[in-house]
Amino acid sequence: MTVMELEPQDPWKHRLLANLNEEDRRQLIQHLEKVFVLPREVIYWPSRPIDYVYFPLSAVFSLVGTTKEGDTVEIGQVGDEGIDLLLG
């Protein structure tokens, strides 16, 4: 599997982060760290503690669920605009 090298991204280009006021930005910047996530890498598991929060800059994360029959379905997406839930 190949990881694409990307140009450095400004974290404030993430639309949710861009809407923070200056004081909140100043407090948050010291905790931000750029990480690369591989395609199909699982970043959260049900019933496990969440250790990190991700703000994707150049990717879209899928939120998936399992049906009663055991099938996997996409129920939402997270990108630089925030979260979109697929309800219906």
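# Ring pairs, salt bridges and buried residues

Q: How many residues apart are E23 and R26 in helix α2?
A: E23 and R26 both lie in helix α2. Helices here are DSSP runs (H or I, at least four residues), strands are E runs of at least two, and both are numbered from the N terminus. The spacing of E23 and R26 is about one turn of the helix, that is, three residues.

Q: What kind of model is this, and what pLDDT do its local features need?
A: Residues are numbered from 1 along each chain as its sequence is written, and side-chain values use heavy atoms, with hydrogens and water left out. This is a predicted model: totals for chains, interfaces and linings use all residues, side-chain atom pairs count only at pLDDT 80 or more, and local features need pLDDT of at least 70.

Q: How far apart are the closest N and O atoms of E23 and R26?
A: Side chains of opposite charge can pair when their charged atoms come close. A salt bridge puts a side-chain nitrogen of Lys or Arg within 4 Å of a carboxyl oxygen of Asp or Glu. E23 and R26 form one, with their closest N and O atoms apart by 2.7 Å.

Q: Is E23 buried, exposed or partly exposed?
A: Buried means under 20% relative accessible area, exposed means over 50%, and partly exposed lies in between (1.4 Å probe, protein chains only). E23 has 38% relative accessibility, so it counts as partly exposed.

Q: Which residue forms a salt bridge with E81?
A: The whole structure holds two salt bridges. In the one made by E81, the closest N and O atoms are 2.5 Å apart. E81 sits in the loop between β2 (72–79) and β3 (82–85), and its partner is 66 residues away in helix α1. That partner is R15.

Q: What is the relative accessible area of E81?
A: R15 counts as partly exposed, because its relative accessibility is 45%. E81 is exposed, with a relative accessible area of 52%.

Q: Which residues does L16 contact, leaving aside neighbours within four places in sequence?
A: L16 lies in helix α1. The C-alpha atoms of L16 and G82 are 6.5 Å apart, although 66 residues separate them along the chain. Contact means heavy atoms within 4.5 Å. With neighbours within four places left aside, L16 touches D80, E81 and G82.

Q: Which backbone oxygen does the side chain of H14 reach?
A: H14 lies in the segment before α1 (15–18). It is buried, because its relative accessible area is 1%. Beyond four places in sequence, its contacts include F55, P56 and L57. At 3.4 Å, the H14 side chain reaches the backbone oxygen of G79.

Q: What separates the C-alpha atoms of W12 and F55?
A: W12 is found in the segment before α1. It counts as buried, because its relative accessibility is 19%. Among its contacts beyond four places in sequence are L17, R25 and I29. W12 and F55 are 43 residues apart along the chain, and their C-alpha atoms are separated by 10.0 Å.

Q: What is the angle between the planes of Y44 and Y54?
A: Rings of Phe, Tyr and Trp (its six-membered ring) pair if their centres lie within 6.5 Å; planes under 30 degrees apart are stacked, over 60 edge-to-face, and the rest tilted. The count comes to two aromatic pairs. Y44 and Y54 form an edge-to-face pair, 5.8 Å centre to centre, with an angle between the planes of 75°.

Q: How many residues apart are Y44 and Y54?
A: This pair links distant parts of the chain. Y44 and Y54 are in the loop between α2 (22–29) and β1 (61–66), and their spacing in residues is ten.

Q: Which residues do ring pairs link into a cluster?
A: Y54 counts as partly exposed, because its relative accessibility is 24%. Y54 also pairs edge-to-face with F61, at 6.0 Å centre to centre and 85° between the planes. F61 counts as buried, because its relative accessibility is 17%. The cluster is Y44, Y54 and F61.

Q: Which residues make the nonpolar surface patch?
A: Patch residues have over 30% relative accessible area and no salt bridge; like charges are joined within 9 Å, and nonpolar side chains (Val, Leu, Ile, Met, Phe, Trp, Tyr) within 5 Å. Areas come from the Shrake-Rupley method with a 1.4 Å probe, and for residues only the protein chains shown count as cover. V53 is exposed, because its relative accessible area is 61%. The patch covers about 390 Å² and is made by Y44, I50, V53 and F55.

Definitions and conventions: Polar contact = N/O pair within 3.5 Å; in protein donor to acceptor, adjacent residues only side chain to side chain.
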